[in-house]
Amino acid sequence: MNENVLEVINLETIFKRDQQEIKILRGVNFSIQRGEVLGLVGESGSGKSITSLSIMKLFHGTSGEIKNGSISFHGTDLTKLDEASMRQLRGKKISMIFQEPMTSLNPVLKIGKQLTESIEMHMKLTRKQSTAHAIKTLKSVGIGRAEELMNEYPHQLSGGMRQRVMIAMAMACEPELLIADEPTTALDVTIQAQILELMKQLKEKNDTAILLITHDLGVVAEMCDRVVVMYAGQVVEEADVFELFANPKHPYTKGLINSVPKIGDRKEVLDSIPGNVPSPQNMPQGCKFAPRCSNAMEKCHEHEPEIETITESHFCSCWLYASKEVALHAK
Amino acid sequence: MQNKLLQVKNLKKQFQVAGGMFEKKEFVNAVIDVSFEIKEGTTFSLVGESGCGKSTTGRLITRLIDPTSGSITLNGNEVGYLKQSELGDLRETVQMIFQDPYASLNPRMKVKEIIEEPLIIHTKLSKGERENLVLEMLNIVGLNTEYANRYAHEFSGGQRQRIGIARALITKPKLIIADEPVSALDVSIQSQILNLLKKLQQEYQLSYLFISHDLSVVEHISNEIGVMYLGSIVEIATKEALFVNPLHPYTKALIASVPVADPLLRRKKETLKGDIPNPKNPPTGCTFHTRCPIAQELCKLEVPKMRQITEQQSVACHFVEKIEEV
């Protein structure tokens, strides 16, 4: 059971602008096991989505590029694969669900066509067989009138139905890794609850590993086994989900958890984190969170903290928990 | 007893969605029957899912669109049917904060011009007086006064929302309609803005009509809450009553659907089945009956009336008393 499906090691992704390299990911590390849901949380601009695009190598039409590090999928380093080999993997071994079901389905193709396309390609089935498989998959995501739906266009469906179709597409070839980038953010709460329930069921059934990218701590608490917190292109904390909510270590994680208004909590003033996420062109020296951190010390502004082991399964990069001292510049 | 600042009664808005001179006209009822009151210095929230008519209600009250029927009374005066030329006072008393801080600020105007504009329209202040007020307002919403000469694109989402709030406050309004003011913001920024809105309410005795889909945000900011479904309010209650003892099956489902940021409270959910019906073709009777776990024959036939159950809580459901038994 302890088999890592995916291992991301020291991943650095850059984008080029005006001959300049802008570092978006500055050394990201995490791994996902079979049947595990790993949550990737952080605010906009923390690099969550770029991490998922890096794993899929979906940089077409952008200046993005993986500069350093490795992404090992069952021992194969994805960063070394060419486009043709990536195509063999995408949709078959690794698939992805995007945030906007509206924009990620092709508006001029019928649902059936979009579904069978990848099934025909990856599973080497005849058209008739792949149609049958597509209908079966649609039924498995709770769509009752699957046969009719095959002949409809995306605009004829509601948001929740579109997201079900997206999930059906992603699950059709029974991938080993599913990357879900804010899969329910665009949906209403009652529909969100349906989709999250569905993802849980599918995971149980196929033992799929899920990388769930979200900014919603409620969704994280509901779905994930383990959580990775990102800030400014780095992992600042990683822990088991129960441990993370009961005993957050990094001041950023604490700030995030306390900023969320909770039902039943009669707090007059909400905690908030002052300031904004720094822009990648303008990264502070030292710890990237230091300018917003209420615990910041002198050394935080000068040196970047290393990742420290809090317990066997809890890691945090913050000077508060540093095991070794660092010499400060004499002022 | 606080004064009633705004009273909305049986408000209805119908949009024409098809048809012309020779074609058959088709209508959609965005708001079917909405009644509520907002007392001075308090926050009333409208919650519901997309398409339930909460934003349309907000836009009707600011008279950005005209009501089909029903009444809107502000400080005792009917404002629902004022002519365009008579809207000056209303626009001064009722201001709006929008959802998208990226789309609601003019990219060609400097921050000080954006905030100053309502003063040019509504007051006869001199340029110098206006500028002083703008700088004061920047301070109040927590922005550096040095930012006055910058353009909106130079700011982050949270800062832009502060600019939007400054623009809304500068005419010294009584009522602010905030349409999803924090849903485009990250949580750490969201709480900054919610705290600011609360602070301003206390300092200036503002009333808010807060429109949101996010129940935890609504619980934090509201005094009273109206839950909307397909154009009608299905339950109105004080915050305490609504979250402790929700009565309408839809309210219950809505509250149960919110993911709780605590893994210890994780539970298998009774999710609502099915989708929100198309408002163009709403179900007969109680519009919620297609998804309601306790729906009976009667629900398909008859629209339930709003009934007051306790002093704090009214609900439109035929079987509210029987819910516990079913």
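Predicted model: local features only at pLDDT ≥ 70, side-chain atom pairs only at ≥ 80, totals over all residues.
Local features are reported where pLDDT is at least 70 and side-chain atom pairs where it is 80 or more, while totals for chains, interfaces and linings use all residues. Residues are numbered from 1 along each chain as its sequence is written, with chains lettered from A and ligands numbered from 1 in the order in which they are written.

We can begin with α4 (111-123) and α5 (127-140) of chain A, bearing in mind that helices (H or I, at least four residues) and strands (E, at least two) are DSSP runs numbered from the N terminus. The axes of α4(A) and α5(A) come within 9 Å and cross at roughly 120°; axes are lines fitted to C-alpha atoms, for helices over the stretch in contact, and angles run from 0 to 180 degrees between N-to-C directions. That angle makes α4(A) oblique to α5(A), given that angles under 35 degrees count as roughly parallel, over 145 as roughly antiparallel, 65 to 115 as roughly perpendicular and the rest as oblique. Residues of α4(A) including A:L115, A:I119 and A:M123 meet residues of α5(A), among them A:R127 and A:A134, where contact requires C-beta atoms, placed from the backbone, within 7 Å.

The loop between these two helices holds A:K124, whose phi is near 55°, a positive value in a residue other than glycine. Most residues other than glycine have a negative phi. A:K124 counts as exposed because it has 9 C-beta neighbours inside 10 Å; the cut-offs are 20 or more other C-beta atoms within 10 Å for buried, 12 or fewer for exposed, and in between for partly exposed.

Further along chain A, α8(A) has 18 residues and reaches 26 Å from its first C-alpha to its last, close to the 26 Å expected at 1.5 Å a residue, the expected span being 1.5 Å times one less than the number of residues. Its buried residues include A:V189, A:I191, A:I195 and A:M199. The buried residues of α8(A) pack against α7 (159-171), β8 and α9 (217-223) of chain A, together with α9 (249-257) of chain B. Just after α8(A), A:D207 takes a positive phi of about 55°.

In chain B, the axes of α3 (residues 111-122) and α5 (residues 157-169) come within 7 Å and cross at roughly 30°. α3(B) and α5(B) are therefore roughly parallel to each other.

Conventions. Contact = placed C-beta atoms within 7 Å.
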